[in-house]
Amino acid sequence: MTETPPDAHTDGDTNAETADVLVVGSGIAGCAAALAAAREGAEVLLMTKAERPDDASTDWAQGGISTTRGDPESLKADILEASDWTADPDAVDVLVADADDAVEDVLLDTLGIGFDESADGEFDYTREAAHSESRILHVDAATGSHILRPFLNHVDDHDRIEVRQDTAALELITHEGRVHGVVSDDEPTGKPIYAGATILATGGIGALYTRSTNPDDATGDGIAMAALAGADVEDLEYIQFHPTAYDGDDPFLLSEALRGEGAVLRNGDGEQFMADYHPQGDLAPRDVVARAVETEREATGEVVLDVSPLEFEAEYPDIADTCRDRGIEGDEIPVAPCEHFLCGGIDVDDRGRTSLDRLYAVGECARTGVHGANRLASTSLLEGLVWGLRAGEDAVGEAQRASKRSGETAERADAEVVEAPELRDSDPALPDRFAAQKFTRLNRTMDEALGLERDPAAIGRASAVLRRLKGEVDAYIRTRTARDLYELRNASVVALLIARAASENRESVGCHYVREDDVASTQ
């Protein structure tokens, strides 16, 4: 990366940087985008507000990464059915066509990931909910961390990639419908980073809810920044709740692989109940299982995941250790639904291109169309890998095209003529715990109105609360540059967008479940 010379700015700013391709986010999608761009000869800056791998959602992924196992049509059929037939078939075609090559190229050949093998030395493919066959590669039930950590090490060692941790993007630099980079929090009043192309890979929105399987900093940053800059967003009402998270104050995920290998759900009366809700029983699509679990919890007091059919300690040692560390003994683990994954996001095409020129989005912050209204298990890592590679490669071509138009490097030209947003020094007048208190209010509002089940009247009330909250936050943003305030701003923007999308969709489909009596009462 290069510092821009003092005479390169019409506004006199001398602290800006430039990069061919800027990637914001360090999960599997961001790492894949950075790798692909570097392979094409670009100088890449990968910036992330994470300070260690487990701050990224990829590190929290348990079950595995789906492959086609040589049968792309079968995987496509499962994805479409799990989505309640709302996924974009063309997007699914892209995913299944690229899946096996991407896994082999990056995860096996480049990173050498040691996926679990059976006694005969072949891959130990497992099965998860709504999959018609065993096709998922995994490492124990902690696949995300076993992929992300070597991936981060690989990109960090690459001579064309600079990885900068603990650095947040605060605003996009835009001009006439084109994105020219970001303003980061490297400096007290923001530091412009100009780029020929910018790729957002900022992850999900788990911090909007009290209970989530996401890291605490999953505040929807990329979605908010893109939406505020005018990018199209789609399908934000489709928020997937995982049916089997530990039912306690500090939830953790109990991988679907457990049920895939024989674990069963039981209600407070000790009964297996999923056969009453869906022909696939415990392996029904996630939205069906999550609502069934909540119904049985309300009717019988609790739901547990019975792992007695498994060799739990031997086959899933990481999950077993987590259970024992929490004081959970025996074979029955209390579970409840928990926010897990956003199926919508920034609308992108088959190369990750958004509606704004030179801006890309990949991973959970992007809406590719693959998931529709409900995501099939173990397709998130695959989607991030496939679209990350495609976006990274395309971004280099876009940056080169922009350079030809300007007659010099695109990012250098941007730094000379495009002024970055002006941020403010910290204002000591900010009340103590302002951001934390407002986040509590936001969480409560989202839990009550935009959770597993919704009704139009509650969504309307929530929208009013969220508008007031955003107004309060905006008043402070104008006078203070602080990461926690910008995260709160981003979370409130995304929350409002979710409420709007949910209010406009009165049809129950996939993750978006509208209680019929409430719909009828508002018509």
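User: Which residues does Asp318 touch, not counting residues up to four places away in sequence?
Analyst: This is a predicted model, and in it Asp318 is found in helix α10, residues 317-325. Neighbours up to four places away in sequence are left out of the count. What remains in contact with Asp318 is Asp140 and Ala142.

User: How far apart in space are Asp318 and Ala141, C-alpha to C-alpha?
Analyst: In sequence, 177 residues separate Asp318 from Ala141. Asp318 touches Asp140 and Ala142. From C-alpha to C-alpha, the distance in space between Asp318 and Ala141 is 7.0 Å.

User: Is Asp318 buried, partly exposed or exposed?
Analyst: The relative accessibility of Asp318 is 34%. Buried means under 20% and exposed means over 50%, with partly exposed in between. Asp318 therefore counts as partly exposed.

User: How far apart in space are Ala36 and Thr48?
Analyst: Ala36 has its place in helix α1, which covers residues 28-39. Ala36 and Thr48 are twelve residues apart in sequence. Their C-alpha to C-alpha distance in space is 18 Å.

User: Which residues does Ala36 touch, not counting residues up to four places away in sequence?
Analyst: Ala36 has a relative accessibility of 7% and counts as buried. With residues up to four places away in sequence set aside, the contacts of Ala36 are Gly388, Leu389, Gly392 and Glu393.

User: Are α6 and α15 roughly parallel or roughly perpendicular to each other?
Analyst: Helix α6 spans residues 221-228 and helix α15 spans residues 483-504. Their axes come within 8 Å and cross at roughly 75°. Angles from 65 to 115 degrees count as roughly perpendicular. The two helices, α6 and α15, are therefore roughly perpendicular.

User: How many nonpolar residues has the contact of α6 with α15?
Analyst: On the α6 side, the contact is made by Asp221, Ile223, Ala224, Met225, Ala227 and Leu228. On the α15 side, Glu487, Arg489, Asn490, Val493, Val494 and Leu497 take part. By class, one residue is polar, three are charged, and the number of nonpolar residues is eight.

User: What kind of aromatic pair do Phe273 and Tyr277 form?
Analyst: The count of aromatic pairs comes to six. In the pair of Phe273 and Tyr277, the rings are 6.1 Å apart, centre to centre, with 85° between the planes. Planes over 60 degrees apart count as edge-to-face. The pair of Phe273 and Tyr277 is therefore edge-to-face.

User: What is the relative accessible area of Tyr277?
Analyst: Phe273, the partner of Tyr277 in the aromatic pair, is buried with a relative accessible area of 2%. Tyr277 is partly exposed, and its relative accessible area is 33%.

User: Which residue has its charged end over the ring of Phe341?
Analyst: Aromatic rings also take part in an arrangement with a charge. The distance from the charged end to the centre of the Phe341 ring is 4.3 Å. The residue whose charged end sits over this ring is Arg375.

User: In which loop does Asp235 lie?
Analyst: Asp235 has a positive phi, near 60°, and is a residue other than glycine. At 18% relative accessibility, Asp235 counts as buried. Asp235 lies in the loop between β10 (233-234) and β11 (239-246).

User: What is the phi of Ser378?
Analyst: Ser378 has its place in the loop between β17 (366-367) and α11 (380-406). Ser378 is buried, with a relative accessible area of 5%. Although Ser378 is not a glycine, its phi is positive, at about 60°.

Conventions:
Residues are numbered from 1 along each chain as its sequence is written. This is a predicted model: local features need pLDDT of at least 70, side-chain atom pairs count only at pLDDT 80 or more; totals for chains, interfaces and linings use all residues. Side-chain values use heavy atoms; hydrogens and water are left out. Rings of Phe, Tyr and Trp (its six-membered ring) pair if their centres lie within 6.5 Å; planes under 30 degrees apart count as stacked, over 60 as edge-to-face and the rest as tilted. Buried means under 20% relative accessible area, exposed over 50%, partly exposed in between (1.4 Å probe, protein chains only). A charge sits over a ring if NZ of Lys or CZ of Arg is within 6 Å of the ring centre and within 35 degrees of the ring normal. Axes are lines fitted to C-alpha atoms, for helices over the stretch in contact, and angles run from 0 to 180 degrees between N-to-C directions. Helices (H or I, at least four residues) and strands (E, at least two) are DSSP runs, numbered from the N terminus. Angles under 35 degrees count as roughly parallel, over 145 as roughly antiparallel, 65 to 115 as roughly perpendicular and the rest as oblique. Contact means heavy atoms within 4.5 Å. Ala, Val, Leu, Ile, Met, Phe, Trp, Tyr, Cys and Pro count as nonpolar, Asp, Glu, Lys and Arg as charged, and the others, Gly among them, as polar.
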